[in-house]
Amino acid sequence: MLSSHIASSSCSGLRLGSTSCLKLKARKGCVHRRCGSGLLPVQSRLQGRSFRLPNAKRGVPPHNSLGTAIKNFKWQDLQSSWISSNRELLSHDFPRNFSVLGSQDTYSTSMDFNEGSYRTEFNYPSSSDSHFLEGLMPKKGIEAIQFLEEHPEYDGRGITVAIFDSGVDPAAAGLQVTTDGKPKVIDVLDCTGSGDVDTSTIVTADEDGFITGASGARLQINKEWINPTGEWRVGSKLAFSLFTGTLINRLKGERKKKWDEKQREALTEALRQLTEFDKKHLKPTEPALKKAREDLQNRVDFIQKQSDSYEDNGPVIDAVVWHDGNLWRAALDTQDMEEESGLGKLADCTPLTNYRMERKYGVFTRMDACTYVLNIFDDGNVLSIVTDCSPHGTHVAGITAAHHPEEPLLNGVAPGAQIVSCKIGDTRLGSMEMGTGLVRALIAVVETKCDLINMSYGEPTSMPNYGRFIQLAEEVVNKHGVIFVSSAGNNGPSLTTVGAPGGTSSSILSVGAYVTPSMAASAHSLVETPTEGVQYTWSSRGPTADGDIGVTLSALGGAVAPVPKWTLQPRMLMNGTSMSSPCACGGIALVLSALKAEGRKISPHVVRKALENTAAPVHDVPEETLTIGRGLLQVDRAYKYLQTCEELPPVHYTVEVGRGPNTGVTFRGVYLREAYDCRQASEWNITVKPQFPEDADNLNQVVPFEERVKLESGNLSWLKCPEYLLLTNNGRSFNIVVDPTGLKDGLHYAEVVGVDSEAPWRGPLFRIPVTICKPLELKTSPPVASFSNLSFVPGAIERRFISVPEGTTWAEATLKMAGFDTPRRFYVNAVQLVPKQRPFVWSSFVNFQSPSSKSFAFPLIGGVTMELTIAQFWSSGNGSHIPATADVEIEYHSLLGVNNEVLIKGSEGTARVDVKAALGSETLAPSATLKKVRVAYRPVEAKVAPLSALRDKLTDGRQINALTLTYKFSLAEGGNVTPRIPILNGRMYDNEFESQFYMLCDSNKRVLSMGDVYPVGVKLSKGDYTLLLHIRFSQLHIQL
């Protein structure tokens, strides 16, 4: 799932996913399902400006951009002219200077494409307008601006960033060239296969130069195309299968409008002919005339009925692939998509080869304005048509590395960096990620020698730091030196809401989302901005279920950044950890750019330690570490830190935590939240082991390694540890004691840190997080919990931990708000943790227009601690200085079925249901409805085969295989069918298999439904059906 929120004048309703606030699909939640508020249309300031452009052609108005809002014209036409090939500008003569009407500011630009250099100089007025633009693409809060002022050449040059996302539009604003004139986007890949076209069918042209396409259309071949073999490979694709739901809806609306016009014309003509016939033949008696009138009437009726049965499945694209003697090339026939006849012919299409070879792209039509890229695999048998499946990926790439030579304040964090787009969001699944795309993306990272990965996707997991993708990601980091950055998730503000893979994996940097006053003013257009920065309310919090911190650090979590051209706007506002992750990724790219330029070896673990130990603390409350991580990323400090420790060995430390001796179960921290854990002290075994790179010199690096470590725990009475530790290559173990018995109910956080006693300036070498959520134990009967006089200001959060009585099945809560003068918005969450299950979460958004009370009912698990979280949205009530006060009362209820499921055997007509009320008297009104029938099927066929050696072979040579299981079933009557594979469903990252994917077909082999770990129901009629289940794995010996 995607981890972001969207707001703009035209796209504020887009759905984006990762437990995020707005989601591409309600499912996996960057992991996130919240809606932002207080976001005004970004483009509302763009009206009412005029400009004078020297040397501009008459009748061609200047391109409208955000600059028009602030009297600073930014030459958008220049930027948008970089299409397909980045060298096309050689033939153009651009004005060297331009000015804005009513302004004394002059802007100059110089370009030399022959030498690969590009430079733009701007003289900006000292005004609030600059602060406005800075707030739209914020960088100051992470010291990026200060760093670039001191080191302008370390702007990301030499660094390649892989964007694991929904796809990047290479034609989008700011994504054409780097600051030193190199191509910005160097490869564009659809790792999911959602755009694949089977082009294995070979045809030859007739004597007139025509071939028959896969759709049956007669297609003319361009005579200038070189094809020594004369073999043309053909395939076809439904255009709508390549587009996002938003674009499809727009195209359907426009196509329906034109269809209605033609339908009305046809109906008018039919009625005219019928009317003229009736005038000419008042009462026809002859059979021929009666038949003629009947035909005319039937024609009218038929045309009228067409509106009722109208259905638009979209146009068909014909694809042709051939080898020109040097490269595989492909072209598309899009005549079916064009508004006017004669356009979109195959012969008029510019042939493309794999994007990385020539870096060219195409656009389907003017109506859709959708950019596409072509890649050809498997000796011409597969054509990949690459489109994005949401604006999310382009926006993320823009935050990381956009370069706007005409509007430098809107540059991404690292404008000199290059981008590799790895589409992991599957268009067939509404942009949700799947394992196939994730693994192929990791393969591409190694092949293209990327330095960084940004992944703004994720969802909850049942087992942190576990699964096939996590293993492969660790290999990419540890063996290939790639730094992996990912969003923490948007499922906050409760604890343990970080998503996988970012927030739950040791090898990945997890980034939370922070908002500054400048961002609140510029991007969110708040009437009154907060006096200081704050973590976005929805940003996910740690710790992980196994005690790790969860959030590594935080970065700026919102921006107005480029979006694909099919959105019909150059940029839009999005906010979420999807935005903070690329902000941090861009900041890290600046640091890596400096290290590369200085010829220094880059270790992802040393860089990570620098980032963690130089992050700026935002709060002095230890518990806030679970919210913001080590602090706010600071680029300049991290760079200076790395300069001072250049001679230190590239070592990182693994920490394993065990409770008691030889239990066999290890954690990454101490996490106590159940009542029985807090009633006594406990001893924990800690094992710390240094990890060297694979190419480390045993004799000169590993053998002499020795760290004299001082252990510190903050002098807390409830946390004790040894004072010193001598650490060598083989690692050491020691014990710590945690005693929560004397603590008050609530959240307590501390760390045991290991510091180099001879160089304490290095900061902690390793940390053991210790989190205690001591719950309130209820003594009353029936059990009731109440809390009074809770105070709320914007961004305030109140947490209460309650030991839910055994036998509880649901609770009823009443929230009474008072003392405020303006409307307020609150999050109310209840979270419980069960081992090896996803967090059990109930959440609600509550709006209070005035002081009042609201009640809720939500399910609970008896005997498991509940965290009740009440948070005032960060931007709610900012225009008021009066805090709101709250009183909360929670009543617990119980109705327990003795059996979890009611099973009626076929030979028996009834089934007994026993129910008990464990906490007190309850009213029961039983009723039963048989809604679902569960039928088990065995596969009728199973095949194992290796996949493509080009796209599906791991970097160490391991071949990925596929198990294809075929199931057949029949329906005697229609109904809604949901195919389920219980052992695999609901497990995306915490799965040993790489991916799963199914297709449900009817007897005519028409695909009716597709799905992966989250199966969806489909309405089927009576008939025979086939389900194909595709499971990818690397091991030949598997067992289902």
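## The protein as a whole

What percentage of the 1040 residues of the protein count as buried? The share is 55%, where buried means under 20% relative accessible area, taken with a 1.4 Å probe and protein chains only. The accessible surface comes to about 45,500 Å², and 49% of it belongs to carbon and sulfur atoms; such areas come from the Shrake-Rupley method, again with a 1.4 Å probe. There are 15 helices and 53 strands, both being DSSP runs numbered from the N terminus (helices: H or I, at least four residues; strands: E, at least two).

Please keep in mind that this is a predicted model, in which local features need pLDDT of at least 70, side-chain atom pairs count only at pLDDT 80 or more, and totals for chains, interfaces and linings use all residues. Residues are numbered from 1 along each chain as its sequence is written, and side-chain values use heavy atoms, leaving out hydrogens and water.

## The annotated active site

According to UniProt, in an unreviewed entry, the feature "active site" sits at Asp165, His392 and Ser578. These positions spread over 414 residues of sequence, yet they cluster in space, with a largest C-alpha distance of 9.7 Å. UniProt positions follow the numbering used here, feature names are shortened, and annotations may be inferred rather than shown by experiment.

Asp165 belongs to strand β5, which covers residues 160–165. Is Asp165 buried or exposed? Asp165 is buried, its relative accessible area being 0%. Its side chain makes a polar contact of 2.6 Å with the side chain of His392. A polar contact is a pair of N or O atoms within 3.5 Å; within protein, one must be able to donate a hydrogen and the other to accept it, and residues adjacent in sequence count only if both atoms are side-chain atoms.

Ser578 is found in helix α11, residues 577–597, and is buried with a relative accessible area of 0%. Ser593 also has its place in α11, and its relative accessible area of 1% makes it buried. Setting aside neighbours within four places in sequence, Ser593 is in contact (heavy atoms within 4.5 Å) with Glu153, Tyr154, Asp155, Gly156, Arg157 and Ile159.

Which residues join α11 to helix α14? On the α11 side they are Gly587, Leu590, Val591, Ala594 and Leu595, and on the α14 side Val635, Ala638, Tyr639 and Leu642.

Definitions and conventions
Buried means under 20% relative accessible area, exposed over 50%, partly exposed in between (1.4 Å probe, protein chains only).
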